[in-house]
Amino acid sequence: MIARVAVLMLIACVQTAVSLGSKNVVFVIVSQPEPYHASVARRLKQDIQNQVSQIDKQAPTVHITHEEFPVAGAWTIIPLLRPLVTQYKGSDVRWMFFMEPHTAVRCDKLFEALSAADKQEETMWVGYPLSDDEPTIIHHFTFYEDLEEDGGFVYPHFANGFAMRIELMDRLLHQIENDERMLEADFSIDPAFELAQLVYGPKDSPGHGPLLTPDLSFCVVSGDNCATYPRQFDICGSPIPEDTIYFAVKTWSGFHATRARAVKKTWGRHVTHLQFFSDIDDPELPAKAVGVPNTKTGHCLKTMTILKEVVKRVEEMPHIKWIFLADDDTIFGVQRLCELLSCYRGGDDVTVLGERYGYGYGKRETAAKGYDYITGGGGTALSVGAARALRACACGAPSAPDDMALGACAMHRLNISLTHSPLFHQARPQDYARETLARDRPVSFHRHSSPEPLRVYAAWFQHDDRAVRRRNHRDEL
């Protein structure tokens with residue numbers, strides 16, 4: 001009898017310690033249709049299902065967004081609110097856990113973390129907290145001075161995943177549909193930051209929503225007590241040969257002696273097929289005049305002219321599988337790019353890869369016409385097949401934003417999905433939270449400023465690119 005009571009007490013303790021289970025938590029993998037990313041998402045779903053079946057002998061609910069909620073801009077989270085709230089409001093579900101396909105999850109520890117959060121009524125969403133030391137371009141230069149005494153404005157590290165109560169999602173949905181001030185942004189850049197802004201509410205609002213509750217079991221790197229952490233992107237076999245990539249750099253005669261020379265002193269030393277495209281010929285670079293007057297902004301006609309010229313060239317170079325479009329102030333690692341492209345389909349397949357931004361998703365009146373685009377400063381990797389298809393795109397004006405014109409054309413006219421990689425960066429290293437860059441080995445940065453480009457390249461990419469040079473030298477021997 002005593003033994004039986006002890007067993008029942010032990011069971012009760014376990015049930016009290018872990019009061020949440022698979023029926024109370026929905027897993028949402030914010031995924032992409034591109035084959036590599038889709039396969040990573042499916043493996044994560046299977047891993048979660050296997051773990052949960054061992055914990056409470058029930059099948060968890062795991063959504064892969066591109067398969068089950070194929071709505072434009074789902075990666076910004078906002079378009080997912082209505083279908084998720086509609087499906088789960090009033091059910092046993094209390095929390096939604098949002099994650100990337102490369103988020104590692106230990107379900108037992110996640111249930112423990114969410115059980116603890118569930119007991120705190122004021123805790124509405126949890127994750128690893130990131131913050132900005134100063135206003136930054138990737139966050140629209142937004143800074144919340146009124147929160148400085150409370151530790152500052154924090155937003156979740158999406159690579160770790162974050163959890164939201166269904167009540168908070170329902171409240172957000174109601175506010176979005178009834179307060180026109182809730183959606184005011186033209187551009188979507190960092191979905192975690194922008195979601196935190198939405199939760200907190202407009203700066204001039206008399207009342208604000210809950211700030212993210214920090215939970216350090218949502219880890220930056222793996223540890224014994226981690227519920228989640230970001231997994232690194234694994235190389236898919238061997239790096240692709242760099243001589244299968246044609247590197248096209250957009251420049252201007254006023255930058256030949258500065259930015260273009262910096263390219264040649266850094267990553268340009270390690271590539272075989274490098275061509276600058278400018279407003280004048282310069283055989284020393286080499287630069288080819290594209291016959292398009294330079295504009296201060298946009299450069300759409302110039303970029304489209306470059307794209308058509310490069311496609312014409314690579315048609316005579318059958319070994320070329322990829323075209324990499326870069327600005328003259330794009331700083332990147334050749335070896336890192338070759339490793340990353342090993343996971344994607346080049347050649348005649350249609351693949352467009354880089355850092356994804358969005359336009360139109362953040363305003364009610366433009367959300368239905370919103371589109372993704374690969375922001376050009378961090379570099380754009382195009383399979384030859386994708387480059388051929390994009391030649392059909394046109395510019396509304398010579399100075400229209402080139403990356404946005406290509407994105408709108410790809411999505412609305414050509415039905416081409418653009419693929420996001422967080423390893424490409426439109427801004428400088430100091431514009432990102434340290435934890436964001438620590439998740440993996442970056443492929444690129446953009447803009448020449450302090451620190452100057454040679455130092456940025458030396459700090460982030462030089463060591464790996466020397467391996468490319470050594471490999472090319474061995475091949476020549």
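Student: Which residues does Phe-97 touch?

Tutor: A contact means heavy atoms within 4.5 Å. Leaving aside residues up to four places away in sequence, Phe-97 touches Val-25, Val-26, Phe-27, Val-28, Val-105, Leu-110, Asn-160, Gly-161, Phe-162, Ala-163, Phe-218 and Thr-228. Keep in mind that this is a predicted model, where local features need pLDDT of at least 70 and side-chain atom pairs count only at pLDDT 80 or more, while totals for chains, interfaces and linings use all residues. Numbering runs from 1 along each chain as its sequence is written, and side-chain values use heavy atoms, with hydrogens and water left out.

Student: How many residues are in the largest nonpolar core?

Tutor: Such a core is a set of buried Ala, Val, Leu, Ile, Met, Phe, Trp, Tyr and Cys residues joined through side-chain atoms within 4.5 Å. Buried is under 20% relative accessible area, exposed is over 50%, and partly exposed is in between (1.4 Å probe, protein chains only). Here the largest core has 68 residues, and Phe-97 is among those with the most contacts inside it, along with Phe-27, Leu-84, Met-96, Phe-98, Trp-125 and Met-164. Helix α7 (residues 191-200) gives this core its largest share, seven residues. A second, separate core has 46 residues, including Ala-260, Phe-276, Val-334 and Ala-381.

Student: What do the element names stand for?

Tutor: They are DSSP runs, numbered from the N terminus: helices (H or I, at least four residues) and strands (E, at least two). In helix α5, for instance, the buried residues are Cys-107, Leu-110, Phe-111, Ala-113, Leu-114, Ser-115, Ala-117 and Asp-118.

Student: Where does His-140 lie, and is it buried or partly exposed?

Tutor: Look in the loop between β6 (129-130) and β7 (155-156). His-140 has a positive phi of about 60° although it is not a glycine, and it counts as partly exposed because its relative accessibility is 31%. Asn-415 also has a positive phi, about 55°, without being a glycine. Asn-415 sits in the loop between α12 and β21 (419-420), and its relative accessible area is 69%, so it is exposed.

Student: Which peptide bond is cis?

Tutor: The bond from Leu-285 to Pro-286 is cis, with omega near 5°. You will find Pro-286 in the loop between β13 (274-278) and β14 (287-289).

Student: How is empty space found?

Tutor: Rolling a probe the size of a water molecule over the atoms shows where space is left. On a 1 Å grid over the protein atoms alone, a cavity is a set of points where a 1.4 Å probe fits but cannot get out; a pocket is an open set with protein on both sides within 12 Å along at least five of seven lines, and lining residues have an atom within 4 Å of a point. Points join across faces, edges and corners, and the volume is the space filled by probe spheres set on them.

The largest pocket here has a volume of about 1100 Å³. Its lining has 49 residues, with Lys-250, Asp-327, Gly-377, Asp-402 and Asp-403 nearest the centre. Among the elements giving two or more residues to that lining are α9 (300-314) and α12 (402-413), and α12 gives the most, six residues.

Student: How many cavities of 30 Å³ or more are there?

Tutor: The search finds four. The largest has a volume of about 620 Å³ and is lined by 31 residues, with Glu-100, Pro-191, His-420, Pro-422 and Arg-439 nearest its centre.
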